[in-house]
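Subject: Structure for your review

Hello,

Here is the structure I said I would pass on. My notes follow it; please read them with the model open.

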Amino acid sequence: MKKKLDLRNKLFFLTFLISSLSVNAKTITMEEIINLRNQNLITQEEFEIFEKEIKGEPLEKEVFFDLRINGKLVSRSYKVLNENNKIYFPLKEFFKCINFENYKEERSKLTAYVGSALKKVTLNLDNISEVMKKGNEIYVVAGKFAQLFLNSYDLNPDDMRVRMYLSFDTPTEIRQLLDISQEKLQQEKKEKELVFSSQRKFFDLGYARLQLGQSFDKSYGKKSYKSDWDGNIAYQGGFLYGQITADYDLREKELNTVKLEYTDIWKGHNLDIENRRADSKREWGLFFYKDKGFYETAGGQIVIRENVPLGSRAELLYMGTPIEIKDDDNGVVEFENPLIRTDRTYILRIYHPDGKISEKEIKTVEDYNLQQRNEIEYKLSINEDSNYSKFTTEFETFYGITNNLTLGLGYFRDIEELAVGKDSSGNYKERAKYLNSLKADIIYGGTYNALSYVFNLSGTKSLDNFSIYNEKNPDFQERISVSKRYSYEYLNQFNYGKWKLIYEHEEFGKFYDEKNRDRVELKYDIFKNMDIGYLYEKERFRYEKRDEKKKQFTFDADYSWKNFLFSAGTSLDLEDHGKNEYRAGVYYSGWERLTGRLENIWTENGEEYETKLSLYNNNFGGFIDFTTELSYSKHDKDKLTFKFAVKLDNWLKIDTTLSDNGERNHRIGIDKIVDLKNPGVYLDSMDNSRVKVITFIDENNNDLYDPGEESVSGVEVKIGEKVVTTDRNGEGMFYGIGNGILYDMDVSIRKPSFTLGNNKVKVKSNFSSTVDAHIPVKPMLSLTGQVELDKALKLKGDDRTEFFNDLIIEVKDLDGNVIETSAPDNEGIFEISGLFPEDYFIEVTYVGVKYNLKSIREEIELQYSKESATNTVVLKISDDKIAIDTSDMMKNIAKLN
């Protein structure tokens with residue numbers, strides 16, 4: 001406050017001097033003002049003010065302000081210029097306050113690269129309406145200044161204070177983030193993570209699941225119930241170094257899909273081989289792919305699809321609120337909801353049958369298969385079509401030439417019914433034929449000055465050239481070569497700030513009905529979770545079919561408040577108002593595990609209306625799940641339907657559906673899972689593994705179990721809520737550990753002389769098997785030593801004690817980091833504990849002044865033995881030398897070997 005008053009007094013004094021100058025301008029000269037400056041009685045800024053007054057030049061209204069940036073005071077003399085009713089901020093002084101130097105000033109422009117993303121900012125210095133140069137300073141009008149560098153600012157003339165909130169990270173903040181990251185990396189470097197995972201086996205007996213149910217149904221207008229039953233037996237286990245799943249329909253007496261899965265077999269790719277039921281026949285299929293977690297339907301709806309443990313229930317969360325809940329369908333959940341859109345982030349929360357809850361982040365960002373440099377992705381699908389006893393093939397590969405450029409190549413082998421001839425009556429004779437084609441892709445994407453872009457050029461061309469009858473041309477009979485079966489597509493996508501633009505053009509060869517297609521999609525994010533969009537699409541055809549045009553306007557808004565999520569949206573078809581759609585919904589998640597959902601949808605231009613109220617509760621009281629649903633549909637004759645489902649202790653399930661027209665459906669069923677290796681164990685899920693833990697003394701500190709290393713009993717190991725204690729052989733067994741989840745293993749060692757060291761132990765099984773987890777237990781060693789003084793030193797009593805006090809013994813790791821420091825006692829004995837059986841440096845330093853003794857450092861290897869956890873060294877010191885004698889330690893090592 002005193003500083004601010006001093007500034008104001010100084011301004012008053014300057015004003016008084018200026019007034020005096022205006023009266024006595026003839027008597028006060030420039031020479032006198034120069035003399036005042038040379039005597040440091042006035043500053044350079046004050047000199048410039050006097051100089052302008054003497055010369056008769058107008059004075060700018062330049063005022064000193066306190067400047068706070070992101071809440072931190074950085075200057076008490078920030079000059080703010082007020083001229084021509086405009087506020088100007090000094091740019092270079094601003095840069096100086098935030099220690100920013102990454103800018104370049106040229107004749108007509110200033111270029112700066114700001115923030116951790118190095119966003120390019122350009123200022124036109126010749127624009128006199130926004131920029132004013134005074135001496136070496138550049139003044140920028142406040143509005144332009146804020147547009148370039150600020151999220152917001154507040155200027156308070158009464159308190160002479162400016163608050164600025166930056167739109168980028170300052171160099172100081174970036175350095176702090178780097179320091180934090182470096183410190184975290186150093187800590188992670190010290191800690192070692194041991195992850196035990198499934199070992200692929202030719203055969204590993206797995207799990208069986210029995211599902212039986214009895215249903216009672218009453219139709220509309222009927223008075224009596226009809227009963228029926230359903231049943232299924234499923235199996236999952238290790239087979240052919242993968243995982244096999246199969247199920248058998250007891251009622252139909254038919255084998256359903258049998259699938260052999262190899263999860264993450266190569267660089268994130270999965271391999272699935274399946275044999276499935278197709279009516280009365282069976283078909284084979286093979287798939288090799290990277291799972292992205294979502295796909296887009298032909299209608300443009302984004303569908304999130306994920307594999308989950310059998311018997312699980314999954315919630316899809318958006319903005320922290322569940323928007324949909326589904327029970328697994330043979331280990332898979334799919335969500336198709338209007339709130340699922342591109343460029344959004346969702347959380348999949350999985351409630352496992354054993355009570356564990358896991359979460360997975362899903363980002364619905366379309367990357368058009370753009371790869372990083374040297375990254376490669378494969379898509380292979382081979383499917384049998386039982387109608388023709390033939391196989392179709394789809395294969396694509398994408399390879400990153402650079403981080404911006406990706407090339408793709410594909411091969412497709414399809415089956416089609418083609419008119420290859422005519423019978424005697426002139427009718428077309430069709431025959432199933434293979435059609436082969438190649439596809440090529442060029443994808444280029446990146447970011448330039450905050451503009452994100454993707455270019456995708458792709459084309460598909462048939463490899464065949466035989467001719468068929470063209471049934472699609474109604475005017476005359478002609479034959480056409482299948483070599484005309486080609487198409488090519490060009491797509492651009494641009495993202496800049498809140499704007500997103502997609503332009504797509506596709507051309508088709510004469511083989512197809514379609515001639516070409518254009519599509520333009522424009523989207524603008526009004527706020528973070530509110531956007532408007534416009535879609536234009538036109539498809540042109542060759543023959544009688546008229547062109548199809550689509551113009552659509554969309555609006556979506558989502559708002560989260562406490563435990564509620566409010567959502568509203570509309571899709572307006574500008575060509576056909578009958579296709580308009582309006583949506584409104586409220587989602588709630590706030591009491592225990594209760595989730596509520598109220599959804600309303602109007603279609604057919606508001607003529608059709610449907611509403612649905614749903615309530616879910618996951619794992620209430622640890623043994624019950626329930627689902628209730630009340631729905632009303634005007635389309636179904638104003639039908640009102642009530643559904644209720646209860647799942648008790650994960651084995652008994654009751655479902656009830658009631659309609660106001662008299663329809664009834666009731667079902668009661670059981671769901672029981674058995675570990676075929678240990679049928680007496682209680683299990684909640686079939687998609688799990690057994691984990692066998694073996695705790696052993698890691699005598700050579702290599703974290704690996706070596707033959708002959710001793711087991712450790714009485715070690716308590718915890719995975720989630722399950723706990724085992726290793727027996728006298730150092731072994732313990734876990735059952736029902738869910739697959740695909742990384743679990744922390746909490747290890748408690750009761751023996752005080754043992755520890756886990758810097759290790760973190762985890763387990764993850766990707767397929768049903770038995771995981772062998774060899775947990776290394778580190779013996780705690782001590783290094784003791786005796787200082788032996790040369791008799792020639794003739795040190796006794798206090799002199800001997802003083803010499804010992806001047807010795808410092810340090811144990812360091814091989815990177816030179818100090819592990820522990822010690823000093824000898826009055827008898828010359830020292831001890832350092834808490835060490836492991838590994839290599840260290842021992843360093844001895846004399847800090848006294850009586851003797852010229854140089855420090856010595858020597859590498860030693862500490863060893864563990866059952867007889868003793870102590871390693872011994874001797875320090876031999878003469879008047880000019882310190883020596884480390886490890887002969888006793890070497891003798892112990894020889895005994896061990």
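What pLDDT does the chain average, and what share of the residues score at least 70? This is a predicted model, so I checked confidence before anything else. The chain averages a pLDDT of 81, and 86% of the residues reach at least 70. Within the chain, strand β26 (residues 390-400) has the highest confidence, with a mean of 95, while helix α1 (residues 2-23) has the lowest, with a mean of 45. Over residues 18-27 the pLDDT is below 50, and the model gives this stretch 9 contacts beyond near neighbours in sequence. Residues 892-897 also stay under 50, with 5 contacts beyond four places in sequence.

Nonpolar cores

The largest nonpolar core contains 53 residues. Those with the most contacts inside this core are Phe-196, Val-691, Val-693, Val-717, Met-745, Ile-775 and Phe-803. Leaving aside residues up to four places away in sequence, Val-717 touches several residues, among them Val-693, Met-745 and Ile-775. Other contacts of Val-717 include Lys-722, Phe-734 and Asp-746.

Ile-302

Ile-302 lies in strand β19 (residues 302-307). Its relative accessible area is 3%, so Ile-302 counts as buried, the cut-off being under 20%. Not counting residues up to four places away in sequence, Ile-302 touches Phe-294, Tyr-295, Glu-296, Phe-335, Ile-340, Arg-341, Thr-342 and Thr-364. From Ile-302 to Pro-338 is 36 residues in sequence and 8.5 Å in space, C-alpha to C-alpha.

Strand β54

Strand β54 (residues 807-812) is largely enclosed by the rest of the structure, because 5 of its 6 residues are buried. Two pairings of β54 can be followed in the model. With strand β57 (residues 839-846), β54 pairs in the antiparallel sense over 6 bridges; here Lys-812 has Phe-841 of β57 as its bridge partner. With strand β55 (residues 818-822), the pairing of β54 is also antiparallel, over 4 bridges, and Val-811 has Glu-820 of β55 as its bridge partner. β54 and β55 form a hairpin with 5 residues between them. In the turn, Gly-816 has a positive phi of about 90 degrees.

Regards

Note on methods
Residues numbered from 1 in each chain as written. Predicted model: local features only at pLDDT ≥ 70, side-chain atom pairs only at ≥ 80, totals over all residues. Heavy atoms only, no water. pLDDT = per-residue confidence, 0-100. Contact = heavy atoms within 4.5 Å. Buried < 20%, exposed > 50% of the residue type's maximum accessible area, 1.4 Å probe, protein only. Core = buried A, V, L, I, M, F, W, Y, C linked by side-chain atoms within 4.5 Å. Pairing = 2+ DSSP bridges.
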